[in-house]
Every structure is written in structure tokens, then in C-alpha cells.
Amino acid sequence: MQPSAIESSALSEPDEHITISFGQRVRENLGYLAWLQAVVATLGSLYFSEIKGFPPCNLCWYQRILMYPLVLILTVGIIRRDPAMRWYGLPLSIGGWLVASYHCLLTYGVISAELAPCSAGVSCLARWINWYGFITIPLLAWVAFSVITVALLFAKPAKELDHE
């Protein structure tokens, strides 16, 4: 049984309204993704230090200082439906991304170990985990800051999407 001409044209042409609505829905909810990533990263860092007993190095402390407040800032932004939430979170996430990038480059030997800021105490070059031969704690932090930064850059509250 063949569909009628009206049915086949409806099946072959995507409904533009549904596509736009889906895109708007995704952009409206990217703040939740950023918040969830910040929570997972915070809990993960606490797990590695408090449960597994891996002491954080200096660069890890700087990344924690930039990650932990993101949980609270994004929580308040989501609760208040603050369209400026991304502007409060981006400086911390971009700063964390820069520190995590530097830490990864040190860990993987792209930057000389002589430039490591961890001269006393725990080495910034220590690989407490090395999953699949390349996944380290600095890489996990880099991914977390990357996800948060991209989510905040593309997040648009419903109020802003209505004006587009």
C-alpha cells in the first residue's frame, strides 16, 4: 500500500518547527549540563584525594579553586533562571581550562618538567591514574572544564531564545 501524495510529502520534508524547538530546548538546558559536569568533577576530585588517598599537587589545587565554586554559581544561576549565569561561570571555567591545559602539557611531556610549578611536595608530573595508557587526572579536569566552557558558551536561556 502506497502513501498518498500528501502523506509522502509530509514524510519527506522535515518539520522545521520541531527542529527549531529541539535546538532551543537543547540550548535552554546546557546550563544543567555545565552544572552536572561541575558536580561530577568536584565529587571526582574529592574521591581521588579523600577516598583513594592521592594528594593533590599545586596545579590540582588551582583547578579545584576554579571548579568548586562553579557548582554553587551554576546552582544559583539555574534556580534564579539568570540569563547572565554564563558570564559568572565562564571566567572560572576558562581559567580552569587554561590551568588544566598547562597541567596536561606538563604531564604528557610537551612542556619541560623544569617548568613545573611543583618544586616541593607532590609532583605535578605524578600520574596517579593512567587509564588506557593516556587518561590522567589532569586530562579528566581538562575535559570537565572543556564541557563546562562549551556548554556555557552555547547556553541560551528561554528568555533570550524568544527574542531570536
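Here is a walk through this structure, from its overall confidence down to a few individual side chains.

Keep in mind that this is a predicted model. Across the protein chain the pLDDT averages 84, and 80% of the residues score at least 70.

Now for the annotated stretches. An unreviewed UniProt entry marks residues 30–49, 61–79, 91–111 and 131–155 as "transmembrane region". Take residues 61–79: the span is 100% helix, and its end C-alpha atoms lie 28 Å apart. Residues 131–155 are 72% helix with 0% strand, and there the end C-alpha atoms are 31 Å apart.

Next, follow helix H4, which runs over residues 85–107. Does its length make sense, or is something off? With 23 residues at 1.5 Å a residue, H4 should span 33 Å, and its end C-alpha atoms are 32 Å apart, so the two agree. Just past the end of H4, look for Gly109, which takes a positive phi of about 80 degrees.

While you're in H4, stop at His103. Its relative accessible area is 1%, so His103 counts as buried. What surrounds His103? Setting aside neighbours within four places in sequence, His103 is in contact with Cys57, Leu59, Cys60, Gln63, Cys124 and Pro138.

Charged side chains come next. Side chains of opposite charge can pair when their charged atoms come close. The count here is one salt bridge. Glu28 makes it with Arg25, and the closest N and O atoms are 3.6 Å apart. Both residues sit in helix H2 (residues 16–51), three residues apart, which is about one turn of the helix. How open are the two partners? Arg25 is exposed, because its relative accessible area is 52%, whereas Glu28, at 27%, is partly exposed.

Last stop: the aromatic rings. The model has three aromatic pairs. One of them joins Tyr47 and Phe48 in a tilted arrangement, 5.7 Å centre to centre with 55 degrees between the planes. Another brings together Phe48 and Phe54: their ring centres are 5.9 Å apart and their planes are at 20 degrees, so this pair is stacked. Tyr47, Phe48 and Phe54 form one aromatic cluster. Tyr47, at 37%, is partly exposed.

Notes. Residues numbered from 1 in each chain as written. Heavy atoms only, no water. UniProt positions renumbered as here; feature names shortened; annotations may be inferred. Helix = DSSP H or I, 4+ residues; strand = E, 2+ residues; numbered from the N terminus. Expected span 1.5 Å × (residues − 1). Buried < 20%, exposed > 50% of the residue type's maximum accessible area, 1.4 Å probe, protein only. Contact = heavy atoms within 4.5 Å. Salt bridge = Lys/Arg side-chain N within 4 Å of Asp/Glu carboxyl O. pLDDT = per-residue confidence, 0-100. Phe/Tyr/Trp six-rings, centres within 6.5 Å; stacked < 30°, edge-to-face > 60°.
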